[in-house]
Amino acid sequence: MSDHARPAPGTPIILSHRPYQKPREATSAGPKVFGKYLTIPQSNLPRVQFSFASGILDNAASESVSKEEPESPPVINNYFEDNEEVDTKKGLYFSEGKRKVDYVLVYQYRKLTSLSTSQCSGASLRNGTVTMPHRSKDHKPGCQPEVVLEVYSPQESVEEEGRARREEFEKHLMESGLEIEKDKETKSQGTGYVRIHAPWHVLSREAEFLKIKVQTKKAFEIKQEGGITAKMNSIWQKITKPLQPKVGLLIQTSKHLSHPFTRDKIHLYNITNKETFFDNSTRSRIVYEILKRTSCTRARYNMGITALLANGVYDSAYPLHDGDYEDTDPEENERKLLYQEWARYGVFYKYQPIDLIRKYFGEKIGLYFAWLGLYTQLLMPASLVGIIVFFYGCVTIDHDIPSSEMCDEQNNFTMCPLCDKSCDYWYLSTACATARASHLFDNPATVFFSIFMALWATLFLESWKRRQMRLCYQWDLTGLEEEEEYPRPEYESKLLQKKLLKEKKELNQQKKEQDDLAKGKNKWKDKVLSAMGGRNLAENEKLTWTDRVPGYMGNFVSILFMIGLTFSAVFGVIIYRISIAAAMAMSTNEGTKSNIRVTVTATAVIINLLAILILDEIYGAVAEWLTKIEVPKTEKIFEERLILKSFLLKFVNSYAPIFYVAFFKGRFAGRPGRYVYVFEDYRMEECAPGGCLMELCIQLSIIMLGKQLIQNNLFEIGVPRMKKLFRKLKDERAEPNESNNSSATRPPQQWDLDYNLEPFTGLTPEYMEMIVQFGFVTLFVASFPLAPLFALLNNIIEIRLDAKKFVAELRRPDAVRAKDIGIWYNILSGMGKVSIVINAFVIAITSDFIPRLVYQYMYSDDGSMHGFVNHTMSYFNISEFLQGTQPQSSHFINIKVCRYKDYREPPWSDHAYDYSKQYWAILAARLTFVIVFQNLVMFLSEVLDWLIPDIPKDVSVRMKKEKTLLVDVFLKEEQEKVHLIESFLVRDRQKHKPMKEVQRAQTASFSQITRSQRSSFTSCSSQHTDV
């Protein structure tokens, strides 16, 4: 369009309209593969953008209209009509029933409304998009140029942009060799599915690129152990036969050699059927790798499907499940097999089919369930020992001398009041039940159990390393290299913003330099830059630490705030305990007064549990947000940082109340006459007469059981079902009432059923709940020996719950290769070491184990525990109570002193109420015990670690043998190639040998004839001379 034809601002443009042409069939002029599909001609009409203010074409658009451009290649799609009667085998194959659906992309579409007129009519436009055709060979010179006019609202403009991105992305997918099938968009709005199939040449190409190990034809026999070991294994297999899942996996007597796939050596691999050579999880992983690296230039990113999902171009992307898990069809599939033999609660007693789990879900999920299974198995001996320790306490409770002295009413002690004013003096015998219950968990057997659990944690980690190595060998992961990771969309977006800002600054700088150059400035600088070759503007951009400083500072401040919030919640519960205890003590009801400690403890623990559950959910969302503002480059870095933040926040949240009871409660309460007060009104609470260990046990058991029951089970069952119901109701409400709803007649396909399932969000929540449970089992096990038993019962349910969730309630995850459990192993190892220190302090400080030992061997007259209770009590002169703190009304008369639990000098001493010598002796013994216990247990753990090799001996032997056989196979192949080449050379020589002999004979005869001709010529010449 020329400049003189441009209208003035504010004048509407009158454009003629060209009717829309229907899609035509693919012609033979295109590539051969295009002939298999229907063709949608890409609109080769340039889009002309109008100004929203005046409706005037901009310069770039007007130039694009005036220029001739070649036709762009068509976008090829396979259409699947809703009313066609085709056999997709329940949605697992394309419409012709032959090509398998390896991956599905889902998007939401809305048909656009455009303003259309007849060919000779015109239309007035204020803003919108105009599409003008190129001149074709059939264009008649007398005809007026035609324009397709489309008017879009802002929402429709976004939809059109998304449609254009999808078309470009799918075009690039087909250029990479993938085959695509789509549904025809018959509704005004709805859900569209893009089904992707990877043919053999794409699978083989990508398998070679990804170095996927596959089986070769060469196999070797696995040597079976003999002697007593073989007999024991045979007996064990017969005993555990009912526990084995019926998945058709037998004991391997031979193993095929594995080697990374290469197309050059395809004759070496055990290929019986190209369609089934790569299993479904491998096929979907190959397709997903292509999707991740396929670019979409319209999105201004270069990382494929991740950016399109983040920008809402596609709604979701997932591989298909292998059919229905509850189908009555006799034909078996792996999903149905997993549900029947693994995901039902009725098979809780059976082993897990780890190899089938790995085959269906991939190595990463397979390793998680293998780790969870081993952890659950090793909880059995720990539970057994914990039960024995608990029963030891039950059996010896009647023979415990200190608890018997406390329950003896004849030898009674008058104790000081538990609160100011409203509390009266009381007898120690009233705490008899608490003292006897404390012995169940505070006895010499708990020390042994703490040492046992520390060694158990080391044994568990070493056993997992061996199990992990064996699985890596069986799954051909021994030589696995870390795959190249693509940047996250958020990282690329941040980087793009940085580049644009830098380009803007450089543009301003160049403009300034041009102005300076015009004024004659910076001549010397220009000479230096010209000698250096100018500025390097093409350097590789990346986010530096200066770009991340705001994110790091936000993380630091937010984490400190969240930890402070947790401590505030704990402090709030402390204030609640103190105030409720004081209020109940003022009650006139004797029953209320007698149950103060039980009521306060139970209600406070429940409040703690609710606070932990609520803060856990908040901290999970906060940790994800904090990790996002850091802008990690790859998904692996993002996941590791998210795990560390979530673990730190949830560790503090879950264990802060337990740490308070174990190490702080009663330590800073003061003494009679000089108590410590909070807000000058509330006296700090003290431990029970039997010590804080019993209260620690109650706190630990309720929090542990509550988290497992509510968070791990009810939330996992209820929340996904509520989300599914909410999404179903939302879809039904958003679904328009279509008059011609042909999709209702079509039965739901597998891609429809899978889309209605919950998306897979990763294994971090699954690992996190087990890691927190591992902390409950190991960190404070000295106070609660039954913790392993409750963890075992929970995990038996947890395995089947997670199995059902993965098989029936979640979309099929992408198969991810992994040779270990990653950063979780380091967290487990760190918690195992921390548990040694914490248990040492629990035994030394919280329990009465050390004071009893010191009394028995230093202060007892006969070496027994008689008199221990009296030894732990100090005296206080009641006349020294502060004014207004003594009991207002007391039933005790003629009392001059009361007793309280502490090691202090009596009031008649020269150093009244100072710490006594017994206190310092016990403190020294406690610190000595911590040091000895910690170093002894860590030394034993290191010895156990050294004694147990990380790689099983049979696996090590097989790996060496497999490497040797693999080298022999390739050497033999090279030798066969050399022999083959030599045989061809020999045949070639024999073939050319007679030809050479003929050539020699011909050459000899020719030379003889030449010599005879020469001799005849000589004779003739001599005769002529004679004449």
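Ile 235 lies in helix H4, which spans residues 228–239, in a structure that is a predicted model. With a relative accessible area of 48%, Ile 235 is partly exposed, and together with Ile 228, Met 232, Trp 236 and Ile 239 it forms a nonpolar patch on the surface, the accessible area of these residues together being about 600 Å².

The structure holds 37 salt bridges. In general, side chains of opposite charge can pair when their charged atoms come close. One of the salt bridges joins Arg 163 to Glu 159, with the closest N and O atoms 4.0 Å apart; both residues lie in helix H2 (residues 154–175), where a spacing of four residues corresponds to about one turn of the helix. Arg 163 counts as buried at 19% relative accessibility, a value that falls under the 20% cut-off for burial, and Glu 159 likewise counts as buried, at 14%. A salt bridge is also formed between the side chains of Lys 465 and Glu 462, with an N to O distance of 3.1 Å. Because Lys 465 and Glu 462 are three residues apart in helix H13 (residues 444–474), about one helical turn separates them; Glu 462 counts as buried, with a relative accessibility of 3%.

The salt bridge between Lys 901 and Asp 848, in which the closest N and O atoms are 3.6 Å apart, links distant parts of the chain, since Lys 901 belongs to strand S19 (residues 897–901) whereas Asp 848 is found in the loop between helix H24 (823–846) and helix H25 (849–859), 53 residues apart. Lys 901 counts as partly exposed, at 39% relative accessibility, while Asp 848 is buried, with a relative accessible area of 13%.

The volume of the largest cavity is about 170 Å³, and the count comes to eight cavities of 30 Å³ or more.

Arg 667 lies in the loop between helix H19 (635–664) and strand S14 (670–671) and is partly exposed, with a relative accessible area of 34%. Leaving aside residues up to four places away in sequence, Arg 667 touches Ala 662, Cys 687, Ile 845 and Thr 846.

Methods. Residues numbered from 1 in each chain as written. Predicted model: local features only at pLDDT ≥ 70, side-chain atom pairs only at ≥ 80, totals over all residues. Heavy atoms only, no water. Patch = residues over 30% accessible without salt bridge, like charges linked within 9 Å, V, L, I, M, F, W, Y side chains within 5 Å. Areas by Shrake-Rupley, 256 points an atom, 1.4 Å probe, with all protein chains shown as cover. Helix = DSSP H or I, 4+ residues; strand = E, 2+ residues; numbered from the N terminus. Buried < 20%, exposed > 50% of the residue type's maximum accessible area, 1.4 Å probe, protein only. Contact = heavy atoms within 4.5 Å. 1 Å grid on protein atoms, 1.4 Å probe; cavity = no way out; pocket = protein on both sides within 12 Å on 5 of 7 lines; lining within 4 Å. Points joined across faces, edges and corners; volume = space filled by probe spheres on them.
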